[in-house]
Amino acid sequence: MTTAPTSTESPDGWLETVVVPRTSDIGGFEVRRALPSVRKRMVGPFVFLDQMGPAILKAGAGIDVRPHPHIGLATVTYLFEGEILHRDSLGTVLPIRPGAVNWMTAGRGIAHSERSATDERGRDRMLSGIQSWVALPKTHEETDPAFVHLGADELPVVEGEGKRLRVVAGEAYGVRSPMNTLWDTLYVDASLDAGARLPIDRETEERALYITDGTVTIHGDRFESGRLLVLRPGDAITVEAETAARLILLGGAVMDGPRHIWWNFVSSRQDRIEQAKAEWQAGRFDAVPGETEFIPLPER
């Protein structure tokens, strides 16, 4: 498990804070965790943000995240390179590939696994992407679990002036994603050529930029990859790519209260998390078909 990332004070008035993720190596696979952090627990509904890789998975090796539970959130998986096979307790078995999105709503409870497919393990391959969680509104924390996959060709893309913008959730740059969300949510994958400029409007209540690759400047301040820039509400800014760069723009409306996070459980109520712990330990979550393993409840 990665440790909590650090934050630094804003270098300018337009920026609320900069989060520098902590990096961990999980068996040859690097993960950087940007949310939650000490100073910033969430941005809009986003309560968790990991950058996975980039890493080379050698032939014969792979990702093997055994079945584990979630409540009170939706997991959002988005890949830049590679493939992950998703299985869940609803019976879903589906690979995710670059440019597509898996949006799994846990609600009252779901279990899933994430693995490299057998036919992918015979060769070296890259894996890189973003794993995030969005909190569910209090009125929907106990909703029925659900899974939605949208392929890369189903998500709107805006291109021009050295920019390629894929709108994964919400509305931005004149297009709207077909992904239905339970809370006002914004998620955009932005690839910029060197010298390209990306305006970020002020309409979304809470916004952040995660720089996955390259170097950008904003109002004369320079930022490298592996930084989460939490923007001050109400300010319109423009990002300029100093080099070829890739960013994730994320955020949404201020959440309807704080969230407790313990392991893979998110809830507005601490007692609900205690209940979920007991349910997983007692084996009361639905099983993932085709799986015989599971991740035990952590001791702490």
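Colleague: Which strands each supply at least two residues of the lining of the second largest pocket?
Modeller: They are β16 (171–172), β18 (185–192), β19 and β25 (245–252). A strand here is a DSSP run of E of at least two residues, numbered from the N terminus. Before we go on, this is a predicted model: local features need pLDDT of at least 70 and side-chain atom pairs count only at pLDDT 80 or more, while totals for chains, interfaces and linings use all residues. Residues are numbered from 1 along each chain as its sequence is written, and side-chain values use heavy atoms, with hydrogens and water left out.

Colleague: What makes a residue part of the lining of that pocket?
Modeller: On a 1 Å grid over the protein atoms alone, a pocket is an open set of points with protein on both sides within 12 Å along at least five of seven lines, and a lining residue has an atom within 4 Å of a point. The lining of the second largest pocket has 21 residues, and Gly170, Glu171, Ala172, Leu186 and Thr204 lie nearest its centre. Its space is about 380 Å³, a volume being the space filled by probe spheres set on the grid points, which are joined across faces, edges and corners.

Colleague: And what makes a space a cavity?
Modeller: A cavity is a set of points where a 1.4 Å probe fits but cannot get out. A search of the whole structure finds one of 30 Å³ or more, and the largest cavity has a volume of about 50 Å³. Residues lining it include Thr75, His86, Trp103, Glu114 and Phe147. With three residues, β10 gives the most to this lining.

Colleague: How do you know that β8 and β11 pair?
Modeller: Two strands pair if DSSP finds at least two bridges between them. Strand β8 (residues 84–88) and strand β11 (residues 110–115) have four, in the antiparallel sense, so they pass the test. Two of the lining residues, His86 and Glu114, stand opposite each other here, Glu114 being in β11.

Colleague: Why are β19 and β22 placed at the edges of their sheet?
Modeller: Their open sheet has four strands in the order β19-β24-β21-β22, with antiparallel pairing. β19 (197–200) and β22 (221–224) each have a single partner strand, so one side of each has no neighbour in the sheet. In this sheet β21 (residues 215–218) pairs with β22 over four bridges, and Thr217 stands opposite Arg222 in β22.

Colleague: Why is the pair of Tyr78 and Phe80 called edge-to-face?
Modeller: Rings of Phe, Tyr and Trp (its six-membered ring) pair if their centres lie within 6.5 Å; planes under 30 degrees apart are stacked, over 60 edge-to-face and the rest tilted. The structure holds 11 aromatic pairs.

Colleague: What makes Lys277 sit over the ring of Trp262?
Modeller: NZ of Lys or CZ of Arg must be within 6 Å of the ring centre and within 35 degrees of the ring normal. The charged end of Lys277 sits over that ring, 4.1 Å from its centre. Trp262 also belongs to a cluster linked by ring pairs, with Trp263, Phe265, Trp280, Phe285 and Phe294.
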